[in-house]
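The sequence and the structure come before the discussion.

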Amino acid sequence: MANVDEISAPRAGEPGSLGKGGSLRRDVGLIGLMWASVGSIIGSGWLYGAQKAVVVAGPAAVISWGIGAVAIILLALVHAELGGLFPVAGGTARYPHYAFGGLAGMSFGWFSWLQAATVAPIEVEAMIGYAGHWKWAQGFLNANGTLTTSGMIVAVFLMAVFVAVNFLGVKVLAHTNSAATWWKIAVPLGAIFIIAATNFHPHNFTSHGFAPFGAKGVLSAISTSGIIFALLGFEQAIQLAGESRNPKRDLPRATIGSVAIGAVIYIALQVVYIGALPLASFAHGWAKLHYVGIEGPWAGLATLVGLGWLGWVLYADAIISPGGTGLIYTTSTSRISYGLSKNGYAPRLFEKTDRRGVPWFGLIMSFVTGVICFLPFPSWQQLVSFITSASVLMYAGAPLAFGVFRDRLPNHERPYRLPGGKVISPISFVVATLIIYWAGWETLQRLGWAIIIGYVLLGSYAFYATKKSLPNAPRLDWKAAQWLPVYLIGIGLISWQGGFGGQNHIPLWWDMVIVTAFALVIYYWARSTAVSREAIEQNIEEVAVVDEGGH
């Protein structure tokens, strides 16, 4: 747990102290930042990810986790340099704004907000799903996984708890999340060692073939079974950059460290889960994996192999782990909307903070959005692919901005400079695009509608602010973002014609060659059309001015 020195409040007159402009308080140290990211990475993904992945990919799901971990590490490395370069609140929503101006900034800001706002409802549904083990909670879900009336009431209550804790201020949040994170790391590690020591069967990896669903199963599992969703969360430290005591030093450490911790835990979980399963549970093949208690995969498995006491611990963890993740993503949602408002894409009301430095209106809207999400997405898995695509689409803006900053700002101070960044940057953009493609056409259709809704909402406000000459009216910079509609429409068309839920007109492997080539064209096109060095510096200065409370 972070101690008082790590998250102590700033003295009067320091950058984090509250002024008349309602600025955020710089209360969070390295441990608070890292635990914000680790607490987001170790959420409901560990409770479901191993079981969902092995059903899609068989034992080769281990490879899926490895590919997913490499992909997220590449993106995290890019973010680590950017986080030190520009330690601002809601960073993932702001980097594209600096590099490509208003239209790109508005777009990636919406992608960022969309994924953050929908994670807390996912974690609430995971909590309610595991709680079905107890008789008193069995009436919360219908047979098809949708929430009953009583389940909806509980879900709304849990969302309200997330918001209430956030209203207590970032210092209380850091203490609360740090305590939950120690538990969230200890429990899966304990499950790994205890189950592996007592029930591990190496022949499980080959009894039905190591990769029964081939390469397509391995790749599909990355996006659709919760692997990328489970590994996401490293950006939480970056979203809290505006509240970090020493962001230039701490952000790179927190970002890279959190991914390393999460990747090791998740790969170990997958290996142990496969090795511990009784043969009877997958006698009819991995696609038909079943055993008593599979609705709560790890708790049910522990009970099945004679570790009933561990099963009870895991059922308890199914409340704490998702709860901690939902808590920190509620924080993130309000900070992203704060950043969107600072950049002029949302009303200034989102910038209002209370006496504890909490963006209160953003918190209220995160609660409202979470409640709405319970209606169209009735279960944990139905929302995972959507969140994965929205998240990776958000992350894709960072490699693009990274390349621009290396070109336009080569001498800008970088507390962490990524070795080989000019090579890693385009590779990470290609990987992000592939993950979006692997999510499948059905998911990308829904994501497309959500993007359109965002353009209508944010675009309408930007037009209104410009027409009324409001102080925070954004410059949209259409020319610098000319590649963006081509990218969004292009990846949708390839998905529609491809073999991951599409028309299957493009054979496997050829589709990935096309996606790779398409992503590289977009990457270098975006770099060539980015705003000038002077415009980047102006964008940075404008954000710095409004962050200090000016106009």
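## Contacts of a serine and the aromatic pairs

Leaving out residues up to four places away in sequence, Ser-107 touches Tyr-455 and Leu-484. The model discussed here is predicted. Ser-107 belongs to helix H5 and has a relative accessible area of 1%. Because buried means under 20% relative accessible area, Ser-107 counts as buried.

Some totals give the setting. The protein chain has 21 helices and zero strands. Of its 551 residues, 61% are buried. Among contacts in the protein chain with a separation of 6 or more, 83% are between residues 24 or more positions apart.

How many aromatic pairs does a search of the whole structure find? The search gives 20 aromatic pairs. One of them joins Trp-46 and Trp-298, with 6.0 Å from centre to centre and 40° between the planes, and it is tilted. Trp-46 is part of helix H2 (residues 44-57), while Trp-298 is part of helix H12 (residues 297-304), so this pair ties together parts that are 252 residues apart in sequence. Trp-46 is buried, at a relative accessible area of 1%. Trp-298 is likewise buried, at 1% relative accessibility.

A further pair involves helix H5. The ring centres of Phe-108 and Trp-483 lie 6.4 Å apart with the planes at 35°, so this pair is tilted. Phe-108 is in helix H5 (residues 102-131) and Trp-483 is in helix H19 (residues 483-497), so the pair ties together parts 375 residues apart in sequence. Phe-108 and Trp-483 are both buried.

The geometry of the two pairs is set out below.

| Pair | Centre to centre | Angle between planes | Class |
|---|---|---|---|
| Trp-46 and Trp-298 | 6.0 Å | 40° | tilted |
| Phe-108 and Trp-483 | 6.4 Å | 35° | tilted |

Why do both count as tilted? Planes under 30 degrees apart would be stacked and planes over 60 edge-to-face, so the rest are tilted. The angle is 40° for Trp-46 and Trp-298, and 35° for Phe-108 and Trp-483.

Other aromatic residues form a cluster or face a charge. One aromatic cluster consists of Phe-429, Tyr-487, Phe-518, Tyr-523 and Tyr-524. Elsewhere, Lys-216 sits over the face of Phe-500, 5.7 Å from the ring centre.

Definitions and conventions. Residues numbered from 1 in each chain as written. Predicted model: local features only at pLDDT ≥ 70, side-chain atom pairs only at ≥ 80, totals over all residues. Heavy atoms only, no water. Phe/Tyr/Trp six-rings, centres within 6.5 Å; stacked < 30°, edge-to-face > 60°. Helix = DSSP H or I, 4+ residues; strand = E, 2+ residues; numbered from the N terminus. Buried < 20%, exposed > 50% of the residue type's maximum accessible area, 1.4 Å probe, protein only. Lys NZ or Arg CZ within 6 Å of the ring centre and 35° of its normal. Contact = heavy atoms within 4.5 Å.
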